[in-house]
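Welcome, and thanks for taking a look at this one with us. Here is a short briefing to read alongside the structure.

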Amino acid sequence: MQNIRNFSIIAHIDHGKSTLADRILEITGAVSKRELKEQLLDSMDLERERGITIKLNAVELNYKYNNEEYKLHLIDTPGHVDFSYEVSRSLAACEGALLVVDAAQGIEAQTLANFFLALENDLTIIPVINKIDLPNADIPKVKKELIDNLGFREEEIVCCSGKTGEGVKELIESVIKNVPAPKKESDKLRALIFDSYFDPYKGVIAHIRIFDGKIKVGDKIKMMGAATTHEVIELGINTPKEVKKEELNSGDVGFISCNIKNIEEVKVGDTIIHENDKESIALPGYKDVKPMVYAGIYPVTSNKYEALKEALMKLKLNDASLIFEPEVSDALGFGFRCGFLGLLHMEIIQSRIEREFNIDIIVTSPSVIYKVNLTNGEELEIDSPTKMPEAVKIKNISEPIVKTDIFVPSDYIGPIMELCQEKRGNYINMEFTTKNRVNIHYELPLSEIVYDFFDKLKSYSKGYASFDYELSGYKPSNLVKMDILLNGKVVDALSVIVHKDFAYKRGKVIVENLKKIIPRQMFEVPIQAAIGSKVIARETISAMRKNVLAKCYGGDVSRKKKLLEKQKEGKKRMKQIGNVEIPSEAFLSVLNTNEK
Ligand SMILES: Nc1nc2c(ncn2[C@@H]2O[C@H](COP(=O)(O)OP(=O)(O)OP(=O)(O)O)[C@@H](O)[C@H]2O)c(=O)[nH]1
Ligand SMILES: [Mg+2]
């Protein structure tokens, strides 16, 4: 145990964590040059396509230092704010963290957020300046930032390049020298489940960190929270290939399979002990996450409801921050109300359902949680516009407010403040982190961030701004529910809650967008936006009979068939609402605020 080191790599998005992990894998000989591909630990297709890490990934490596063999457990984490729960879970399984900072960018919003997460977990933090091979790397400047803002000492800082490999050996040795070896409190087994996934053959596979004692194949174990008992069928580690083991000892990080088919019996954050152990107390586990945004997810064809439920349960096993419960919509039928940590998280879950489970779904526009005071004194929490009571019963509505950290070069202070004012922001203050970089604090309504804040922030700062936020409370605000009517009927799944001052503008944009997306029908379809019974915007889709065969009368049968097939294909993703057919992307078009 003296020669084990458990550590995570944490950083702002794109500062080179996964690439650095590649070099560490290479130097420790875990993978040969031939097997190595870029960002090897990003194993999901989605991660590789987008070039971002979504899931934490743990590997065990061996390294010889001063003639002693060391066992290193490395966890690569995502950098995007929406996946910070992955980071906090990783940190709970470690004694140390590499805080990686891009030599050309310096400290960014999530550098700071992750730094504090690591501090909270009492970890030994090694500051790392990465990408020193870049021509615009400014090592002295980033060093100064780390020393002045985060209180590191100059001699602690390691400089390296995940691309060229320079300095990575020194980095590994710094981990061995500085990160403490794991300690155990007793010889009775206690293991923390920090991640899990579902394997169709083996059932639930849990990733665990053994804190105390040891676990062997054949042991009878108990999940403390779930209060279920199981027999250990398989144990192993990832190197990154799966390697089976007969036992895992305290300090180890590995996986366990007990042939559990009932997904609900395994909960991330739970503690595993031996079946007959009556004394051990559970490890601290994790705080339950609080979703930031909620949206409805519905199957396009209603017979896929059960399959969708199964998919969500399996995803939840792999992504503990996903939350869902059944919901019914007049327009869309049976589905689920799901909670997400942010819009990227929502997008990722949507793609995973479609790809990994092959279910076509409709996602409704995201909403935050509003607190509604009724005239009869009751207080409601509302996560969906459809649950909003009638206007006459409402005394006031409060919305969630967040406090921001916006890191930006000082040249962009003007545009950023303009943007925040536009988004109903309340200026608090700003700090200079270096001579020409600032951290701007604003109070902003969460609902404004959910819309197009990220995109706007990028364009207002030419890509130089980074952004983090935390919930700071609720504030009363002048909000109204806006309904969208198709052919005179309210489509509940299209309703949104908006600030009264923006209602006209938003209503107009939404009906215009819908007009572009919804294909012509056999009859005229009016699209209206309304607050209560008052219509505030209207567009009309004119009638048309679309005959795909019109342009190929006579001619070849197979060609006709092909065209009809194609039309059918297109229709699959359409939803029949009343007598109007709507393509599934229409439900998210409410988000599209392009005012063209
Ligand atoms: N020049 C240079 N480029 C690097 C270096 N390390 C990473 N990159 C590039 O930086 C980009 C991001 O690298 P990743 O390793 O995916 O970054 P990450 O921190 O894992 O990103 P997330 O997991 O999405 O937060 C990629 O295009 C890499 O090729 C480096 O040391 N030098
Ligand atoms: Mg990564």
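In strand 11, which residue is the bridge partner of Ile221? It is His230. Please keep in mind that this is a predicted model.

- Strand 10 (residues 220-223) pairs with strand 11 in the antiparallel sense, over 4 bridges.
- Both belong to an open sheet of 8 strands, ordered 11-10-16-7-8-15-12-13 with antiparallel pairing.
- At the edges you will find strand 11 (228-231) and strand 13 (242-245), each of which pairs on one side only.
- On average, neighbouring strands of this sheet are turned by 40° against each other, direction ignored.
- Helix 7 (residues 305-318) packs on the sheet, where it touches strand 7 (190-199) and strand 8 (203-212).
- The direction of helix 7 makes about 145° with that of strand 7.

**Around ligand 1**
- Ligand 1 is surrounded by 18 residues, and the closest are Lys17, Ser18, Thr19, Thr53 and Asp133.
- Helix 1 (residues 17-27) supplies the largest share of this shell, with 3 residues.

**Polar contacts and cover**
- A polar backbone atom of Gly16 is 3.0 Å from an oxygen atom of ligand 1.
- For His15, a backbone N or O atom lies 3.4 Å from an oxygen atom of the ligand.
- Ser161 uses its side chain instead: an N or O atom there is 3.2 Å from an oxygen atom of ligand 1.
- Of the 650 Å² of accessible area that ligand 1 has on its own, the protein covers 87%.

Technical notes
Residues are numbered from 1 along each chain as its sequence is written. Chains are lettered from A and ligands numbered from 1 in the order in which they are written. This is a predicted model: local features need pLDDT of at least 70, side-chain atom pairs count only at pLDDT 80 or more; totals for chains, interfaces and linings use all residues. Side-chain values use heavy atoms; hydrogens and water are left out. A residue is near a molecule or strand if one of its heavy atoms lies within 4 Å of it. A polar contact is a pair of N or O atoms within 3.5 Å; within protein, one must be able to donate a hydrogen and the other to accept it, and residues adjacent in sequence count only if both atoms are side-chain atoms. Accessible areas come from the Shrake-Rupley method with a 1.4 Å probe; for residues, only the protein chains shown count as cover. Helices (H or I, at least four residues) and strands (E, at least two) are DSSP runs, numbered from the N terminus. Two strands pair if DSSP finds at least two bridges between them. Axes are lines fitted to C-alpha atoms, for helices over the stretch in contact, and angles run from 0 to 180 degrees between N-to-C directions. Contact means heavy atoms within 4.5 Å.
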